[in-house]
Amino acid sequence: MRAPDLMHTAWRCPDCGPISPLHVAEHIGPEIVASTVDRITVDRNPADQESGVPGSRAGSPMPLWCPWPLPQGWTMTGVGWAGDDRGGVRATAVACTGPDPLGGGPADLVLVAEEPGVGLGTRLAGTAGPDPGPQLAEALTDPGPGHAERIAHAKVRAGGHPTPLWSVRSPTDRSAYAGEARGIWLYAIAWPASAGYLLAEDVELHDLTEWTPPELVYGAPSPYLHGRV
């Protein structure tokens, strides 16, 4: 990844072109979450805020989705955001760790909210392309054998609103789901693949930019969000 220079105003990848750099805190705790929330709410794109660009959420901060209440035995293990000073925060990520709902071993879940074309969700899901649009279009037009309707593979409540998620292709070591909340992409990526069954339960997603519960429990930093796995 190359930083902006005299010839280019954006961060860029030699293979992908302009990108939004990912910033992940080395540790996790109340002060790290508070700092991330401040960055998201204060440094959103002022051009979008003033001009009402379609898809910009009219200057609303990018949501920072976290399961709340946390499932039993789960902790928050990471937080990050993608963007720069020029474009503002364009994506956020929250990592959580807890027991696998099926196997009982350790499991990890990363939730991503992002604007179209950022590519953080597909990167973590292990799929190609900047967003899940083509795969979701396929799922919506072809519900699969034995299904007369387009049935979501997982359902959560994001900010109090029912939010369907559809499975997207991913490596066998994980399961990945994608949908839309507040006009932007919402991803849920779980390791191992069986941990995706967590989303079969009544999972409530809360936006930490609105309020951060003081009862949040924190764990060791997630290796998945830090790219160590």
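In helix 1 of this predicted model, the buried residues are Val33, Thr36, Val37, Arg39 and Ile40. Because these residues cover an arc of only 160 degrees around the axis, they fall on the same side of helix 1. Glu31 and Val42, on the other side of helix 1, are exposed.

**Helix 1 and its cover**

- Helix 1 comprises 13 residues, 30-42, and its first and last C-alpha atoms are 18 Å apart, close to the 18 Å expected at 1.5 Å a residue.
- Strand 5 (75-84) and strand 6 (88-99) are among the elements that cover the buried residues of helix 1.
- Helix 1 lies across both of these strands, and it runs at about 30 degrees to strand 5.

- An open sheet of mixed pairing is formed by ten strands, in the order 3-5-6-7-11-10-9-8-12-4.
- Strand 3 (22-24) and strand 4 (65-67) each have a single partner strand, so they stand at the edges with one side left without a neighbour in the sheet.
- On average, and with direction ignored, neighbouring strands of this sheet are turned by 30 degrees against each other.
- Within the sheet, strand 8 (residues 154-158) pairs with strand 9 (residues 161-168) in the antiparallel sense, over five bridges.
- Arg157 stands opposite Pro162 of strand 9.

**Nonpolar cores**

- The largest nonpolar core has 37 residues, of which Trp65, Cys66, Met76 and Leu205 touch the most other members.
- Another core, of 23 residues, lies apart from the largest one; Ala93, Ala152, Trp166 and Ile189 are among its residues.

- Beyond its neighbours within four places in sequence, Trp65 is in contact with residues including Val94, Leu111, Ala113, Ala158, Ala181, Leu186 and Leu205.
- The contacts of Trp65 also include Gly159, Arg182, His206 and Asp207.
- Val112 belongs to strand 7 (residues 106-114) and is buried, with a relative accessible area of 0%.
- With neighbours within four places in sequence again left aside, Val112 is in contact with Thr92, Ala93, Leu120, Gly121, Leu124, Trp185, Leu186, Tyr187 and Ile189.
- Although Val112 and Trp65 are 47 residues apart in sequence, their C-alpha atoms are 7.4 Å apart in space.

Definitions and conventions: Residues are numbered from 1 along each chain as its sequence is written. This is a predicted model: local features need pLDDT of at least 70, side-chain atom pairs count only at pLDDT 80 or more; totals for chains, interfaces and linings use all residues. Side-chain values use heavy atoms; hydrogens and water are left out. Helices (H or I, at least four residues) and strands (E, at least two) are DSSP runs, numbered from the N terminus. The expected span of a helix is 1.5 Å times one less than its number of residues. Buried means under 20% relative accessible area, exposed over 50%, partly exposed in between (1.4 Å probe, protein chains only). The arc is that of the directions from the helix axis to the C-beta atoms. Contact means heavy atoms within 4.5 Å. Two strands pair if DSSP finds at least two bridges between them. Axes are lines fitted to C-alpha atoms, for helices over the stretch in contact, and angles run from 0 to 180 degrees between N-to-C directions. A nonpolar core is a set of buried Ala, Val, Leu, Ile, Met, Phe, Trp, Tyr and Cys residues joined through side-chain atoms within 4.5 Å.
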